[in-house]
Amino acid sequence: MIAAVGIKRLTFVVLGLAVAGVCALVILPFLMPADAVREAVKAEIRTVTGLDPVLRGEASVSLFPTGTVSFEDVSLEDNRTGAPALTAEKVVARLRFFPFLTGRIEIADVSLVRPTIAIVFNADRTSNWSGHIETLARNLKPSPGRTSSFSEIRIEDGTVILRDEAYKIIETLANVEMALAWPSISRSFAATGRFAWHDEPIDATISFTDFVAALNGDRSGLKVRLAGTPFKVAFDGYISHRPTLKMEGTLAADAASLRDTLRWAEQPRPPGGGFGRFALKAQTNVAGGNLALSGVNVELDGNTAEGVLTFDGRQTLQGTLAAEGLDLTPYVSTVRLLTSGERGSKYDRFRHRVMFPILDRRGRTIAFGGRVLVKEDTPKYLNSPETPIYSKSNVLYHMDRAKDALRRQDFAILVEGYMDAIAVARAGISNVVASCGTSLAEPQIKLLGRFTRRVVVNYDPDTAGQTATERSLSLLLEQDFEVRVLALPPIGNKKADPDLFIRERGKDEYLKLLKEAPPYVDYLIARARQMDLTTGEGKLRAVNFLLPYVQRIPNRILRSEWATRIAQQLRLDEPVLRAALSKAASERRGEVKTQPELVGRAAKPVERRLIRMLAEAEGFRLELAKHLQNAHLYNGLETEKIFAALVIASLSGQPVLATEVGAALEDRDRRLLFEILFEEANEPTWEEAMSCIQALQNRQAERELADVQRSIEANPAAPELRGLLEKKQELMRRLAAAR
C-alpha cells in the first residue's frame with residue numbers, strides 16, 4: 001500500500017516536470033530575444049575556432065521545437081590574399097537542449113550546407129589555409145580557460161577543390177558528405193563520410209590521435225581509409241610536417257584492375273594485356289619529396305614479389321623485387337620486346353644491341369631503344385614500335401633529367417642519338433636532349449619550347465646529319481627559336497659526333513666550341529660556300545639554298561646585315577643580290593621550294609605598304625592604327641588577320657615586335673607578314689599613309705556599292721528600295737569626289 005502511494009506520488013512529480021518543460025519550450029522563445037541567440041552563436045563559433053567567417057546573407061533563429069540558428073552566404077577568406085578559402089550557402093548551428101532550457105546558449109553541432117572548400121598549395125609550399133591552421137592550433141591548445149565547444153561539424157553536399165601550383169595538379173571532390181568529430185574534450189580528431197572523385201563514390205575515414213600536434217606540424221598518429229570501386233588504400237602510422245613532411249607506417253592498397261584504376265585516374269595506360277588484379281603492402285617512410293617502401297609484398301596478375309622500392313622527387317621509381325617465378329604472358333604484347341617473324345615465330349627485337357630505356361619528361365619508362373653492337377647490323381638505332389603511350393615524335397631523350405638545366409641555362413643542346421646525349425651529360429653538361437634519330441618533329445619542338453627558346457643544333461657531321469640539321473633549322477625557325485649550329489671538326493680522318501669528340505678531345509674543348517657556335521645563317525653560308533661558285537649556275541644554286549632560311553629572319557636590320565654578309569662571302573654583287581632576294585620574296589619563290597602549302601596569300605600593294613607602316617613607322621603608327629580601326633578599313637580583306645594583329649599591338653602602346661605579332665597568326669598569314677617585312681621599301685611618310693587609307697576607303701565604298709546594287713536588283717519593297725537608291729547616290733558621290 002505504501003509502495004503504491006509512493007509510485008503514485010513519483011508519477012505526479014514526473015508529469016509535473018514534463019508539463020513544466022513543455023511550458024518552458026513554448027514560453028522561452030518569447031522571453032529570449034532572437035538577436036541575442038544569434039550573436040551568442042556567432043561569438044561561440046569565433047571563440048572556439050578563432051576563425052572570423054564573413055556573414056553576408058541573412059541570419060534566422062528557430063527556438064521551437066528545437067533551437068537552431070542559420071546563417072546564409074558565409075565565407076572564410078585567406079587572411080593573406082583575401083581569396084575565399086571556404087564558402088557555404090548556409091551554416092546551421094543546433095543548440096544543446098538542457099542548457100537551452102536554463103537560458104544558456106551552447107552549440108551542439110554545426111552543419112555546412114553546400115560548401116565549397118578551396119585548398120591551394122603555392123609553388124613555395126605555403127597554403128591559403130596556413131593562417132587559419134595556425135589560428136585553429138592556438139585556439140584548440142589545451143588550457144584551463146578554454147571554452148567548451150561543439151562536438152561535431154557536418155559537411156552536406158560539399159565540394160573540395162585541391163590545387164597544387166608546383167605540380168600543376170587540380171583535383172575536385174564532389175558530393176562531399178562528411179561528419180567531423182571535433183576535439184571538444186579529447187585531443188583526437190576524426191572525419192567519416194563519402195565523396196565522389198572522378199565520378200566514382202569513395203568512402204573515406206581519416207583520424208589524428210593528436211589534432212593540435214598535427215596542425216602545428218608535430219608528430220601525430222594518423223589513420224586513413226579510402227575505399228571505392230577503382231581502388232582501396234589504407235595507411236596506419238604517424239605524420240609530421242615540421243620542418244618537412246615525414247610519414248612512417250603501414251601502407252596497404254589493392255585494386256581489382258590496375259588498368260581500370262589508371263583509366264579512372266586519367267593516367268597513361270599500358271597497351272596490350274595484363275595489369276589486372278593488384279595488391280601491395282609495405283612499411284612506408286616519406287621524407288620530403290621521397291617515398292621509400294620496405295618489406296614490400298606486391299601482387300600483380302598472380303605474380304608475387306618481395307623487396308624494396310623508392311620514388312624520388314623527380315618521379316623516378318626504382319628498387320629491387322625478388323620473385324620465385326614470373327608469368328610474363330600478359331605483358332609480351334605490351335612491352336613488345338618480341339617481334340613476329342614471317343612465319344609467325346617470335347624473335348628478340350633488340351638482339352645484339354645495347355638497350356636504353358626511353359623515359360618521358362616525368363621520368364616514366366615508356367619504351368626502349370637499342371644501338372647495334374656489330375657495325376654491320378642495321379639500322380644503327382632501333383626503337384620500340386609506336387604504342388598509345390609512346391610516339392617517337394613526342395619524346396626527347398634525356399628531357400626528364402635536362403629540364404631543370406634548360407630553364408636555368410636558357411638554351412638546349414640538340415643531338416641525334418642516345419650515346420651523344422649520354423656523352424655530353426657525362427661531361428657535366430646537363431642541358432642536352434636527343435631527338436632519338438635524325439628527324440626532328442614539330443611536337444618535339446613544342447615540348448622543347450616549354451623550357452627554352454634557344455637551341456644549339458649539334459647533329460652528326462655526315463650527310464644524313466647535315467640534312468637533318470637543315471630540316472631542323474626550318475622547323476625551329478618556324479617556331480621562332482634562336483638557333484645556333486655546332487659543326488664539330490673531324491678527328492684525324494673520322495667525322496666526329498659529340499660522343500667521339502668528347503672522348504678524344506675532352507669536355508673543355510667541346511665547351512669552347514659550344515660557346516663559339518655560330519648563328520644558323522653563318523652555318524648555312526659555310527654550307528653554301530662548299531658549292532661550285534665559279535659559275536653563275538652554281539651561285540644561283542647557293543642563293544636558292546639560302547633563300548628559304550633568310551626569308552624567315554623577321555628583323556629588317558638583321559635581314560639587311562645577312563644580305564651583306566652573303567654577298568661578301570659568296571662574292572656576289574650586293575645590289576644584284578638584294579634585288580634578287582626582294583623579287584623572290586615578292587614572288588614567294590623561296591617558300592614554294594620548301595613548303596608550297598604554306599605559301600602566303602597575295603596582298604595588294606596598298607595593303608602591303610600599310611602593313612609595313614604599322615610594323616615599322618614608329619612616328620605615326622598609333623595614329624594610323626586608330627584610323628584603320630575606327631573606319632573598319634581592313635574588314636573583309638585577305639590580310640584582315642594581319643591588320644587586326646598589328647592594330648592591336650600598335651594600340652597597346654608597347655613596341656611592336658614582328659615575332660610576337662607573327663606568333664598570334666596562322667601559318668599562312670605569318671609567312672605573308674614576314675614576306676612583306678622582307679621587301680625593300682622607302683621610308684614611310686604620313687602623306688603616303690593617308691593616300692593608302694584613301695585607297696582602302698575607295699575600295700570599301702566600291703564593295704558597298706556592289707552590295708547595294710545587288711540588293712536593288714533583288715526587287716525589294718518600295719520603302720526599302722528608296723533607302724537603297726539614296727545609299728547608292730551617296731556612295732557614287734563619295735567615289736566621284738575621291739577621284
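In which loop is the place of Asp480? Asp480 sits in the loop between helix 11 (463–478) and strand 25 (482–485), and the legends below return to this residue. The model is predicted, so local features need pLDDT of at least 70 and side-chain atom pairs count only at pLDDT 80 or more, while totals for chains, interfaces and linings use all residues. Residues are numbered from 1 along each chain as its sequence is written, and side-chain values use heavy atoms, with hydrogens and water left out.

View 1. Asp480 has phi near 65°, a positive value in a residue other than glycine. Helices (H or I, at least four residues) and strands (E, at least two) are DSSP runs, numbered from the N terminus. With a relative accessibility of 28%, Asp480 counts as partly exposed; buried means under 20% relative accessible area, exposed over 50%, and partly exposed in between (1.4 Å probe, protein chains only). His398 also has a positive phi, near 80°, and is not glycine. The loop holding His398 runs between strand 21 and helix 8 (399–409). His398 is buried, its relative accessible area being 14%.

**View 2. Cis peptide bond at Pro243.** Arg242 and Pro243 are joined by a cis peptide bond with omega of about 10°. Pro243 belongs to the loop between strand 11 and strand 12 (246–255).

**View 3. Aromatic pairs.** Rings of Phe, Tyr and Trp (its six-membered ring) pair if their centres lie within 6.5 Å; planes under 30 degrees apart count as stacked, over 60 as edge-to-face and the rest as tilted. The count by this rule is 11 aromatic pairs. In one of them, Trp197 and Phe231, the ring centres are 6.3 Å apart and the planes stand at 85°, so the pair is edge-to-face. Trp197 is in strand 8 (residues 189–197) and Phe231 in the loop between strand 10 (220–228) and strand 11 (232–240), so the pair ties together parts 34 residues apart in sequence. Trp197 is partly exposed at 21% relative accessible area, whereas Phe231 is buried at 13%. The rings of Phe501 and Tyr510 have centres 6.4 Å apart and planes at 55°, so this pair is tilted. Both Phe501 and Tyr510 are buried. Phe189, Phe208 and Phe211 are linked into a cluster by ring pairs.

**View 4. Nonpolar cores.** A nonpolar core is a set of buried Ala, Val, Leu, Ile, Met, Phe, Trp, Tyr and Cys residues joined through side-chain atoms within 4.5 Å. The largest has 47 residues, and those with the most contacts inside it are Val41, Ile107, Phe150 and Trp182. Strand 4 (residues 84–95) supplies the largest share of this core, 6 residues. Another core, of 41 residues, lies apart from it and includes Leu473, Val543, Leu570 and Phe678.

**View 5. Helix 23.** Helix 23 (residues 667–678) has 12 residues and spans 17 Å from its first C-alpha to its last, close to the 16 Å expected at 1.5 Å a residue; the expected span is 1.5 Å times one less than the number of residues.

**View 6. Leu373 in its loop.** Leu373 lies in the loop between strand 20 (365–372) and strand 21 (381–383). Its relative accessibility is 58%, so Leu373 counts as exposed.
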